Amino acid sequence: MLPKDRFSTQANLYAQFRPTYPQELYDFIFQYVDKFGNAWDCATGNGQVARVLAQKFQQVEATDISQKQLDNAFQASNIHYQISQAEKTPFADAIFDLITVGQAIHWFNFDAFYQEIKRIAKPNALLAFWGYGTLLIEEYPSLNQDFQHFYQEQIGSYWDGERGHIDQKYTTIPFPFESIPTPEFSMQYFWNFNQLEGYLNTWSSVQKYIQQNGNNPVTEFVQQCREKYAEDLTFQVSFPIFLKAGKIER
């Protein structure tokens, strides 16, 4: 069974509008890495994680199932991009010091993925994967309520079932290794409605809605927000990040 590709259609938007993870997240992960030889960023998307790993590691392998995503990815001399599933890779045994997955493991076959990383990881290598929850607009409770209604009610039925792992902050994803206690992280930005619109258009649920209904629900929602609040309103958005990390037992 082929993996789901939910991001090729909007790959260019993904590269422009998806949130970027804070340096504090990477710094926390790096302190548990023994050596900085080879890293694998699985489901790399636009390469935003691979870009940071390339500053620390001699070589970064970055894979995705979407060629369109890789076409929009950040380029560096020590990053090698290629098409690959998470559960079956072209890599040799025991070569990676760190394996990362950002906002993607909920799409995987967990058992098959864990078997694969046990094969390709070095002894005592680190696995770190994380996701981020639905954005919050705490400064404007009414706007936040409108957004939550759009997310849960208007677009909610168009999410794939795997989205439930995000809503549960990855607590429903098995982790067959000894977990490292992790702090809370978040991403915070000041956005206008153009940026909110761009971000919402990266959602796989929105693309599914468009395919089934022939119109974009984001356009109407954002226009309603502009009329209700202010065309040039700037507001702070925050995304809670949840991280799981642990040493890979061979």
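Biologist: How many nonpolar, polar and charged residues does the lining of the largest cavity have?

Modeller: In this predicted model, that lining has 5 nonpolar, 5 polar and 1 charged residues. It is made of 11 residues, and those nearest the centre of the cavity are Tyr21, Ala43, Thr44, Val49 and Gly102. Strand 1 (38-42) and helix 3 (48-53) are the elements that give two or more residues to this lining.

Biologist: What makes this space a cavity?

Modeller: A cavity is a set of points where a 1.4 Å probe fits but cannot get out. A search of the whole structure with a limit of 30 Å³ or more finds 1 cavity. The volume of the largest cavity is about 70 Å³.

Biologist: Which residues line the second largest pocket?

Modeller: Its lining consists of Lys169, Thr182, Pro183, Glu184, Pro240, Ile241, Phe242 and Leu243. By class these are 5 nonpolar, 1 polar and 2 charged residues. The space in this pocket is about 150 Å³.

Biologist: Why is Ala245 called buried?

Modeller: Buried means under 20% relative accessible area. Ala245 has a relative accessibility of 3%, so Ala245 counts as buried. This residue lies in strand 7 (residues 235-247).

Biologist: Which residues does Ala245 touch, not counting residues up to four places away in sequence?

Modeller: Ala245 touches Leu127, Ala128, Phe175, Glu178, Ser179 and Ile180. A contact here means heavy atoms within 4.5 Å. As for Thr63, 182 residues from Ala245 along the chain, the two C-alpha atoms are separated by 20 Å.

Biologist: Why do strand 3 (79-83) and strand 6 (185-191) stand at the edges of the sheet?

Modeller: The sheet is open and has 7 strands in the order 3-2-1-4-5-7-6, with mixed pairing. Strand 3 and strand 6 each have a single partner strand, so one side of each is left without a neighbour in the sheet. Direction ignored, neighbouring strands of this sheet are turned by 20 degrees against each other on average.

Biologist: How do you know that strand 1 and strand 2 (residues 59-64) pair?

Modeller: Two strands pair if there are at least two bridges between them. Strand 1 and strand 2 have 5 bridges, in the parallel sense. Asp41, for one, has Ala62 in strand 2 as its bridge partner.

Biologist: Which strands does helix 2 (residues 23-30) lie across?

Modeller: Helix 2 lies across strand 4 (96-102), strand 5 (121-132), strand 6 and strand 7. Helix 2 runs at about 155 degrees to strand 5.

Notes
Residues are numbered from 1 along each chain as its sequence is written. This is a predicted model: local features need pLDDT of at least 70, side-chain atom pairs count only at pLDDT 80 or more; totals for chains, interfaces and linings use all residues. Side-chain values use heavy atoms; hydrogens and water are left out. On a 1 Å grid over the protein atoms alone, a cavity is a set of points where a 1.4 Å probe fits but cannot get out, and a pocket is an open set with protein on both sides within 12 Å along at least five of seven lines; lining residues have an atom within 4 Å of a point. Grid points are joined across faces, edges and corners, and a volume is the space filled by probe spheres set on the points. Helices (H or I, at least four residues) and strands (E, at least two) are DSSP runs, numbered from the N terminus. Ala, Val, Leu, Ile, Met, Phe, Trp, Tyr, Cys and Pro count as nonpolar, Asp, Glu, Lys and Arg as charged, and the others, Gly among them, as polar. Buried means under 20% relative accessible area, exposed over 50%, partly exposed in between (1.4 Å probe, protein chains only). Axes are lines fitted to C-alpha atoms, for helices over the stretch in contact, and angles run from 0 to 180 degrees between N-to-C directions.
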